[in-house]
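The structure is shown below.

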Amino acid sequence: DHTCQALSRRLAEDATQFAALARAHSQCPSGRRGGGLGTFGRGQMVPAFEEVVFDLEVGEISGCFPTPFGHHVVQRTG
């Protein structure tokens, strides 16, 4: 997805924009909260999402990746 890739590039330059970009561009209900999904463990999200999220270090932002629910850029916060 072109928009997802563009947002990923912007975040690579300035990660502090994550919440503002999520509010402006996310189609997920979490976008209104700056993209925050809350705390979740393994087995609670689709495997394609978990594979990326749980491979990130805390504070790290993923590149753009697809799941059955669309394209995503995530930041692991905990």
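A disulfide is a pair of cysteine sulfur atoms within 2.5 Å. In this predicted model, a search of the whole structure finds one disulfide. The bond is formed by Cys4 and Cys64, whose sulfur atoms are 2.2 Å apart. The link of Cys4 and Cys64 is right-handed, with 125° about the S-S bond. Cys4 belongs to helix α1 and Cys64 to the loop between α3 and β1 (65–67), so the pair ties together parts that are 60 residues apart in sequence.

Cys28 has its closest cysteine sulfur in Cys4, at 13 Å, which is too far for a bond.

| Residue | Relative accessible area | Class |
|---|---|---|
| Cys4 | 6% | buried |
| Cys64 | 25% | partly exposed |
| Cys28 | 38% | partly exposed |
| Arg10 | 39% | partly exposed |
| Arg32 | 68% | exposed |

Arg10 is located in helix α1 (residues 2–13). Apart from neighbours within four places in sequence, Arg10 contacts Gln17 and Leu21. With Gln17, the side chain of Arg10 makes a side-chain polar contact of 3.1 Å. Leu21 lies 11 residues from Arg10 along the chain, and their C-alpha atoms are separated by 9.2 Å.

Arg32 is placed in the loop between α2 (18–25) and α3 (47–53). From C-alpha to C-alpha, Arg32 and Ala15 are 18 Å apart in space, with a separation of 17 residues in sequence.

Terms used
Residues are numbered from 1 along each chain as its sequence is written. This is a predicted model: local features need pLDDT of at least 70, side-chain atom pairs count only at pLDDT 80 or more; totals for chains, interfaces and linings use all residues. Side-chain values use heavy atoms; hydrogens and water are left out. Helices (H or I, at least four residues) and strands (E, at least two) are DSSP runs, numbered from the N terminus. Buried means under 20% relative accessible area, exposed over 50%, partly exposed in between (1.4 Å probe, protein chains only). Contact means heavy atoms within 4.5 Å. A polar contact is a pair of N or O atoms within 3.5 Å; within protein, one must be able to donate a hydrogen and the other to accept it, and residues adjacent in sequence count only if both atoms are side-chain atoms.
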